[in-house]
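Please open the model in a viewer and keep the selection panel at hand. The stops below proceed from one selection to the next.

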Amino acid sequence: MKKTFLYEDHLSHAAKMVDFSGWSMPINYGSQIDEHHQVRNDVGVFDVSHMSIFKISGQNAESYLRYIFSNDVKKISSKNKALYGLLLNENAGIIDDLIVYCLEGDFLIVSNCATKEKNEDWYQRHASEFDVSVEYVDNQGILAVQGPNSIKVIEKIFGEEASSLNTYECIKVNGVMIAKTGYTGEEGFEVICENKYLRKIWNSVMESGAKPIGLAARDTLRLEAGFCLYGSDMDESVNPYACGLSWTVDLNDGDREFIGKQAFLEMNEEDEQKMIGVLLNDKGILRPGYEITHVDGKGVVLSGTFSPTLKRSIGLARVDQTDEQIGHVKIRNKELVIEFVSPRFLKKI
Amino acid sequence: MSEIPGDLKFLSSHEWARLEDDGTVTVGISDHAQDLLGDIVFIELPEVGKEVEAEGDAAIVESVKAASDVYTPISGEIIEVNSALEEQPETVNGSPYDDGWFFKVKPINVDEMSNLLSPEQYSEVCED
């Protein structure tokens, strides 16, 4: 099994390690609920070095990315910024969700670890048309420093230039890339650097008050924020409308051709299912696969969990179009009432 | 993992049973089980008066991660449930063998206890 550069550090913090798509990763360091609150109320650090980093080089890197990415990279070119969006196939099915960073003229892609091989194939397939090179970066790792006090931690270690970044901005300090991005719904930063610097930064972050956070808390944090998880909430059979991500398909420049554009233009939002948040008022926990019914149709729970912040169960669901705000879910042969809400359970940032 | 109290007997599905002085049997889930489940957030207990059959499902425990049935190690009538768990299910994580007990059974046949695993046998199950 693959290990991140900080494997031993996780063990020394009593991490429970699990197989996460071929990587041995910390699922928790004791209590995932305590870790969740640590990020919501203070600051935590995640080792997310299992995520894939690709570097796109060549004169046509921008044109290439504008062609393979749903969002328009032109918005961030030469701006030291990041952009969230999708890799679509020709049918506008979602190959992956990812962030493109443009920093000092270089383009980096950070995407999920489970999709690494298929993304790499996809990138290479289209690279020759643009004469760009796509390189999997295996000598770098990623730390996510997240929570309201992440600003203080980043300021202490990297200075105010880094800590004062706005959302989706990035900067390089002494060879270390710092971006105001994350997947927790909190203020937070992602730090990308060569593996040899990881431990030093990890220790500095910890000395500045952060606690290590496992992937289990990462899941409840992203769910409370209403962020989709690839493989659970979306895959290649799902289009951007059906997971609430049509905003990442940028059609402003009508001349821009990109993969999946034609299929996307032929879709009507009203004909597609939609992504909603669901709240369970009764005791119990919503789980993936639970069936939903409402007066206009049906649906299914995609991700479900216990929300440590709201202290009840929440989920993301895909349902037939409806204006109803109430539905039912079947849990162990009991029909329970659920509320249909915005997936943004916590509207913090 | 904490040491297993010597007076407990187990099902391989991770429930423990303790024969009390008054002849009733207290049931809970093992330390190993709570560790596998992670943070426990919801427990559905049986109704008092319900008749249960050994190895049949009697309660439900849900952690953030997963839902799991809890089987009774012994047949009989549910005579008491630990309703404090409904408000504080996390007690099971902190004290699986004491404050985190689930329910008490008035056994039909106390000899069923001899069908259960000893702490040593159960430990071997956990190691597999």
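Select chain B and colour by secondary structure: four helices and nine strands are assigned. Helices (H or I, at least four residues) and strands (E, at least two) are DSSP runs, numbered from the N terminus. Read from the N terminus, the order of elements in chain B is β-β-β-α-β-β-β-β-β-α-α-β-α. Chain B has a radius of gyration of 13 Å, close to the 14 Å that the globule rule gives for 128 residues, so it is as compact as a globular protein of that length. That radius is taken over C-alpha atoms, and the globule rule is 2.2 Å times the number of residues to the power 0.38.

This is a predicted model, in which local features need pLDDT of at least 70 and side-chain atom pairs count only at pLDDT 80 or more, while totals for chains, interfaces and linings use all residues. Residues are numbered from 1 along each chain as its sequence is written, and chains are lettered from A and ligands numbered from 1 in the order in which they are written.

With chain B still selected, orient the view along the principal axes; the C-alpha atoms fill a box of roughly 35 × 30 × 25 Å. Of the 128 residues of chain B, 45% count as buried. A residue is buried if 20 or more other C-beta atoms lie within 10 Å of its own, exposed if 12 or fewer, and partly exposed in between, with C-beta atoms placed from the backbone. Two residues are in contact if their C-beta atoms, placed from the backbone, lie within 7 Å. Among contacts in chain B between residues at least 6 apart in sequence, 65% join residues at least 24 apart.

**The first hairpins of chain B**

B:Lys9 stands opposite B:Ala17 in E2(B). Four residues separate the strands of this hairpin, in which B:His14 takes a positive phi near 85°.

The hairpin of E2(B) and E3(B) has five residues between the strands, and B:Gly23 in the turn has a positive phi of about 90°.

Centre on B:Leu37, in helix H1 (residues 31–37) of chain B. Is B:Leu37 buried or exposed? With 21 C-beta neighbours inside 10 Å, B:Leu37 counts as buried. Leaving aside neighbours within four places in sequence, B:Leu37 is in contact with B:Val61, B:Ser63, B:Lys65, B:Ala66 and B:Ser68.

Now select strand E6 (residues 57–63) and strand E7 (residues 67–71) of chain B, which run antiparallel and are joined by five bridges. E6(B) and E7(B) form a hairpin with three residues between them, and B:Ile60 stands opposite B:Asp69 in E7(B).

**Across to chain A**

Display both chains. Eight residues of chain B are in contact with 12 residues of chain A. On the side of chain B that touches chain A, the residues divide into four nonpolar, one polar and three charged. In this count Ala, Val, Leu, Ile, Met, Phe, Trp, Tyr, Cys and Pro are nonpolar, Asp, Glu, Lys and Arg are charged, and the others, Gly among them, are polar.

**Helix H4 of chain A**

Select helix H4 (residues 116–130) of chain A. At 1.5 Å a residue, its 15 residues should span 21 Å, and the end C-alpha atoms are 21 Å apart, which agrees; the expected span is 1.5 Å times one less than the number of residues. A:Asn119, A:Tyr123 and A:Phe130 are buried in H4(A). Just after H4(A), A:Asp131 takes a positive phi of about 60°.

**Two loops of chain A**

Finally, select A:Ser78 in the loop between H3 and E6 of chain A. A:Ser78 has a positive phi of about 50° although it is not a glycine, and with 9 C-beta neighbours inside 10 Å it counts as exposed. Then move to A:Asn333, in the loop between strand E19 (326–331) and strand E20 (334–341) of chain A. A:Asn333 has a positive phi of about 70° although it is not a glycine, and is exposed, with 5 other C-beta atoms within 10 Å.

Notes: Two strands pair if DSSP finds at least two bridges between them.
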